[in-house]
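Here is a short briefing to read alongside your structure. Have the viewer open, and take the points in any order you like.

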Amino acid sequence: MELFESMKAKIYGKNIKIVFPEGDDVRILGAAARLASDNLVTPVVLGNPDQINQIATDNKINTTQLEVVDYLHQPSDVIDTMVNAIVERRKGKTDEAKARQWLQDPNYFGTTMVYMGKVDGMVSGANHPTGDTVRPALQIIKTKPGVKLISGAFIMQRDAERYLFADCAINIDLDANGMAEVAIESANTAKLFDIDPKVAMLSFSTKGSAKGDMVTKVQEATKIAQEKAPELPLDGELQFDAAFVPSVGEKKAPGSKVAGHANVFVFPELQSGNIGYKIAQRLGGFEAIGPILQGLNQPVSDLSRGANEEDVYKVAIITATQAL
Ligand SMILES: CC(C)(COP(=O)(O)OP(=O)(O)OC[C@H]1O[C@@H](n2cnc3c(N)ncnc32)[C@H](O)[C@@H]1OP(=O)(O)O)[C@@H](O)C(=O)NCCC(=O)NCCS
C-alpha cells in the first residue's frame, strides 16, 4: 500500500490529538480542518480565536471541528499547573519565572501540552526556525529511556523506492557513540515506515580504503552499533556507491550482507546528511518526507518554513502515526 494510505489506515478514527502552535497561519488552519474532516487527527490549534476566525472566513476554511486554545489568555490555575510541570521536569534548570515566560511562546505551550498528555503530539515550524521549534522538546519532553540523542531522519521516496537518511537535521557533529545511536534509532524509524532496515554507515572510505580521523569515527560507530544491536543488518564504513549499488558493494565489501542493498543511510555529520538528502531531492527527484524527529519520548515534528498545506497535512499524519 502507498505509504500515506497505510499510515492513514493506522490512525483513522483513533482520535489522536495533535497541537498546532501556529494557528494564525492559513496553511496550518487548512491542513487542520482537512485532518479533522478526514477523521485522521483531532486538531488543537493555538492562537487568538478572533484572528483565527477571520483567517478562516477569508479563506473559506471550516473550523467547526477545531479546538482553538487562546494560549495567552488561559485561566491562572491552568498556567500554574503547566508551570509546575515544567519546573519539576527541569529539575532546577528552569525556575518558575522562566517557565511562565516560556508559556507565552506557542512552541513551549504546545510542547508542555504534549508533555502533560493533554495532546498526543505537536506539529510546528511553518513560521519558526528548526532550533526554536525543537528546543522546547529537547528541554521538556526529552529523550526516550535508553536514548541520549534526538536526531532528524528523512524518508526519501520516489515511485516504489523508499529509503531513510539520517541525521539530516539536528546534530551538527556526532561522535562515534552518537552516530551508533542514530543508526539504531533510524532502523526503528524505518520499520514504522514499512522499510525492512539494512543500515549503511556512510563515509568516503569503504572497509579501510582510506584513512583518517573521520574514517576511524565511522569504523568505531559501526562496531558500537553492531555490538548494541547484533541482530540488525548494519555495516560500515561504506561509501555510498558500495552501500547502494550491488556490483560495487560486491567488489568493495565482499561478504557484507548490507553493501549493495542498504536502505537506511547514516551520515557521519550534519553537513553531509543535509547536503545528501537535498541532492537526492533536487537532482534525484525524490520526495523528502521529514525531518522526522527520532528518539523523543513523545512526537514533535518540525515543518519546513517553505511547507504548503499538503506538507502540513502529511507531517501531521506522520506525527500521529508516531504517537500510536
Ligand atoms: C537542535 C539545536 C537547536 C539545539 O541547540 P541548543 O538549543 O543550542 O541546545 P543546547 O545545547 O542549548 O541544549 C538545550 C537542551 O537540549 C538538549 N539537547 C541539545 N541537543 C540535543 C540532542 N540532539 N538530543 C537530545 N537533547 C539535546 C541539551 O542537553 C539541553 O538540555 P538541558 O537544557 O536539559 O541541559 C542545535 O543542535 C541546532 O541548531 N542544530 C542544527 C539545526 C539545523 O539548523 N538544522 C538544519 C536545518 S533542518
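**Around the ligand**

A polar side-chain atom of Arg90 sits 2.8 Å from an oxygen atom of the ligand, a polar contact (a pair of N or O atoms within 3.5 Å). This is a predicted model: local features need pLDDT of at least 70, side-chain atom pairs count only at pLDDT 80 or more, and totals for chains, interfaces and linings use all residues. Residues are numbered from 1 along each chain as its sequence is written, and side-chain values use heavy atoms, with hydrogens and water left out.

**More on the ligand**

- A polar backbone atom of Ala169 is 2.8 Å from a nitrogen atom of the ligand.
- For Ile170, a backbone N or O atom lies 2.9 Å from a nitrogen atom of the ligand.
- The ligand exposes 940 Å² when taken alone, and the protein buries 60% of that (Shrake-Rupley method, 1.4 Å probe).

**The sheet**

- Six strands make an open, mixed sheet in the order S8-S7-S9-S6-S5-S10; strands are DSSP runs of E with at least two residues, helices runs of H or I with at least four, numbered from the N terminus, and two strands pair if DSSP finds at least two bridges between them.
- At the edges are strand S8 (234-238) and strand S10 (287-294), each pairing on one side only.
- Met156 stands opposite Tyr163 in S6.

**Glu185**

- You will find Glu185 in helix H8 (residues 176-192).
- Glu185 is buried, with a relative accessible area of 7% (buried means under 20%, with a 1.4 Å probe and protein chains only).

Technical notes
Buried < 20%, exposed > 50% of the residue type's maximum accessible area, 1.4 Å probe, protein only. Polar contact = N/O pair within 3.5 Å; in protein donor to acceptor, adjacent residues only side chain to side chain.
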